[in-house]
Amino acid sequence: MDDLSISLPCGFSAKYKDIFYNCDEFPCPVCKTHALKSKECLTITKNRLVLIEKSFELKKNHYDHLLKEFEKYKNEPKIYLDESFDCFKRKVDHRREEIKVMLNEKIDEYHDGLLAKIETKKCAKLKELEEKIKQIEALDLVNLSSVTNILNDLIEPNFKLANSSHNISKLFGQLNLKEDEIDDDSCTEKTIELVENDNFDLYSKKYIVQNFEWSINTRKKRNNSEMNGETYIDLNLYCYPLGNTKEFSVKVDALFSLSNKSNSMKDLSRNFKQLFTQKSPAWGFKFTTMNKIMNPKNGFYDANDDSITLKAAIKVELP
Ligand SMILES: [Zn+2]
């Protein structure tokens, strides 16, 4: 696609990549005597035909590729099914190990915190007791009930651990087969959803729109001067072409949003337009700070299931 010859309004011709990777007006890459927009080139009939022909060729290649794949699978369905399900089982095994490590760390952290709390309580208690003993000595009067109180305070402290519960499926992630979703490569719009809890470093499921797979991801980052040194999250949109397409260019109009749990009018939303190509298949930005996300006033964080919901509504346009 990149090297496709496109006719220019000035009569010269240029490569596809030099024209359609520009979003706004740009100087003519050949004669440099005028400015143009990629849209102007689309009004030239010859270009339209060339693009239709090329996109037909790409679709046909994709179809041929699928047909070849199908031939392969057709003869040995069990082998391929075993392979893909074994791979999935390995992922589940791997997830188990990850969670064990994560839980162990959290348990240790929590344990250390509890010990520190107990130590603080002990110091406070000791001070209090010393105070009481002093008072009794000062009065020089043996008050039986005060002494019993002090003796009671010296036996095992009155702490207990409250019961806790763990939701294993939430920790592990639920089984969500891709087949559950209807893949429709002819649609041009879709909303990608990502529910996050705990680590803020996740990828959403992949959604198919116009022969591409799309997903969003967040990353938690710290210490950025633009965000006043606060911890913030990056939100990114990724584009993966299907089949063996090596070159692509696709325009995307996207609306990133962080859902307000009770009123969608109060979602935090940011819009962007971007051209995705094989050279730049991802786009995103610093979305917002953790303080804003967690602030109960903003209504983004759901304390009941310890989660937030991010969405990317994307509109995909092939040139
Ligand atoms: Zn020109």
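**Talking through the model**

Trainee: Let's begin with lysine 32: where does lysine 32 lie?
Mentor: This is a predicted model, in which local features need pLDDT of at least 70, side-chain atom pairs count only at pLDDT 80 or more, and totals for chains, interfaces and linings use all residues. Residues are numbered from 1 along each chain as its sequence is written, and side-chain values use heavy atoms, with hydrogens and water left out. Helices (H or I, at least four residues) and strands (E, at least two) are DSSP runs, numbered from the N terminus. On that numbering, lysine 32 sits in the loop between β3 and β4.

Trainee: Is lysine 32 buried or exposed?
Mentor: Buried means under 20% relative accessible area, exposed means over 50%, and partly exposed is in between (1.4 Å probe, protein chains only). Lysine 32 has a relative accessible area of 61%, so it counts as exposed.

Trainee: Thanks! What is phi of lysine 32 near?
Mentor: Most residues other than glycine have a negative phi. Lysine 32 is a residue other than glycine with a positive value, near 60°.

Trainee: Which residues coordinate the zinc ion?
Mentor: Donors are N, O and S atoms within 2.8 Å of the metal (3.2 Å for Na, K and Ca), and water is not among the atoms, so sites may look incomplete. Here the distances are 2.2 to 2.3 Å, and the residues are Cys10 (SG), Cys28 (SG), Cys31 (SG) and His34 (NE2).

Trainee: And how are those donor residues spaced in sequence?
Mentor: Good thing to check when you have the sequence open. For the zinc ion, the spacing of the donor residues reads C-x17-C-x2-C-x2-H. Cysteine 10, in the loop between β1 (5–7) and β2 (13–15), and histidine 34, in the loop between β3 (26–27) and β4 (35–36), link distant parts of the chain, being apart by 24 residues.

Trainee: What is the geometry at the zinc ion?
Mentor: Four donors count as tetrahedral if all angles lie between 85 and 135 degrees. The 4 donor atoms of the zinc ion make angles of 98 to 126°, so the site is tetrahedral.

Trainee: Last one: what is the distance in space between lysine 292 and tyrosine 232?
Mentor: Lysine 292 is in helix α7 (residues 290–294). Lysine 292 is partly exposed, as its relative accessible area is 48%. In sequence, lysine 292 and tyrosine 232 are 60 residues apart, while in space the C-alpha to C-alpha distance is 9.0 Å.

Methods:
Four donors count as tetrahedral if all angles lie between 85 and 135 degrees; four count as square planar and six as octahedral if opposite donors are over 155 degrees apart and all others between 65 and 115; anything else is irregular.
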